[in-house]
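Hi,

Here is the model I promised to pass on. Please have a look at it first, and then read my notes below.

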Amino acid sequence: VYDPIPGGVVGTVEGSGTITCVVSHGSTGEKGLLTAAHLADRCTDDIVGDEFYQEDLGGTNVGNISVANAAKDWMISDIQSRDWKDYIRLENSNEVPVKGWVNNNGLDSYVGSKTVEKMGKSTGHTTGELNKISISGTDTNCTNWEGEGVETKCAVAGGDSGGPIYIISNGKAYLVAILQQGQWEKTFDSTCNGNVIYNRGQGYQ
């Protein structure tokens, strides 16, 4: 349990995933916690008002979902009982400050040439590639990115949903995507302990 709450840590509605980061939203710039809407396990925007937990279900409620877009698979919870922190928390208590987000022009220039980083509660901090932008169509019966999809390739697994995918510039994080969907391929990675199966996949916004 974190107080103040950063990005990159566990967040739960019905399903457990990862908090993207703290964002400003609404006409007043209210601070909230961004993550994937499918953590509510319902393909609808009526998840607004549901309780949001910074830890596993049944823990301390930190707020309620204040806005959601099921089609694009994102939601924001308000923060009622905790302070917040504009950082993504990595392993070993390391943190990286969040400075902003990458616009479409920036994304276009980074395709195939820029390393992206990801933080998720299951696979932790990993790096990968930015493959495609401006993706349309649907990967499930619920999600449709309407030309705003971003495809990355990095190590992901169940529980990483909602985690931030970002680039680092001058020691600061700039958000590229929210980890939402995965296409899984099992591969063997050689480690000092032998061959271990990891899930490799493509994260989408």
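Residues are numbered from 1 along each chain as its sequence is written, and side-chain values use heavy atoms, with hydrogens and water left out.

On confidence, the chain averages a pLDDT (the predictor's confidence in each residue, from 0 to 100) of 80, and 82% of the residues score at least 70. Over residues 183-205 the pLDDT is below 50, although this stretch has 67 contacts in the model beyond near neighbours in sequence; a contact means heavy atoms within 4.5 Å. Where pLDDT is low, the predicted coordinates should not be read in detail.

**The chain as a whole**

The chain has 1 helix and 17 strands. Both are DSSP runs numbered from the N terminus, with helices (H or I) of at least four residues and strands (E) of at least two. Of the 205 residues, 45% count as buried, where buried is under 20% relative accessible area, exposed is over 50% and partly exposed is in between (1.4 Å probe, protein chains only). The accessible surface comes to about 9700 Å², and 43% of that belongs to carbon and sulfur atoms; these areas come from the Shrake-Rupley method with a 1.4 Å probe, and for residues only the protein chains shown count as cover. Among contacts between residues at least 6 apart in sequence, 57% join residues at least 24 apart.

**Two cores**

A nonpolar core here is a set of buried Ala, Val, Leu, Ile, Met, Phe, Trp, Tyr and Cys residues joined through side-chain atoms within 4.5 Å. The largest one has 16 residues, and Leu33, Ile47, Phe52 and Met75 touch the most other members. Strand E7 (residues 61-69) gives the most to this core, with 3 residues. A second, separate core of 12 residues includes Val116, Cys154, Ile165 and Val176. In soluble globular proteins, nonpolar side chains tend to be buried together.

Cys154 has a relative accessible area of 4%, so it is buried. Cys21 counts as buried as well, because its relative accessibility is 3%. The structure holds 0 disulfides (pairs of cysteine sulfur atoms within 2.5 Å).

**Around strand E11**

Why is strand E11 (residues 115-120) largely enclosed by the rest of the structure? Because 5 of its 6 residues are buried. Two strands pair if DSSP finds at least two bridges between them. E11 pairs with strand E12 (residues 124-135) in the antiparallel sense over 6 bridges, and the two form a hairpin with 3 residues between them. Met119 has His125 as its bridge partner in E12.

E11 also pairs with strand E14 (residues 164-169), again in the antiparallel sense, over 2 bridges. E14 in turn pairs with strand E15 (residues 172-178), antiparallel over 6 bridges. In E15, Lys172 is the bridge partner of Ser169. This hairpin has 2 residues between its strands, and Asn170 in the turn has a positive phi of about 55 degrees.

Val96 sits in strand E10 (residues 95-101) and is buried, because its relative accessible area is 8%. Its contacts, not counting residues up to four places away in sequence, include Tyr166, Ile168, Gly171 and Lys172. The C-alpha atoms of Val96 and Lys172 are separated by 6.1 Å, with the two residues 76 apart along the chain.

A few backbone points may interest you:

- The peptide bond from Asp3 to Pro4 is cis, with omega near 10 degrees; Pro4 lies in the segment before strand E1 (5-7).
- Asp73, in the loop between E7 and strand E8 (74-78), has a positive phi near 60 degrees. Asp73 counts as buried, at 2% relative accessibility.
- Ser93, in the loop between strand E9 (84-89) and E10, has a positive phi of about 65 degrees although it is not a glycine.

Best wishes
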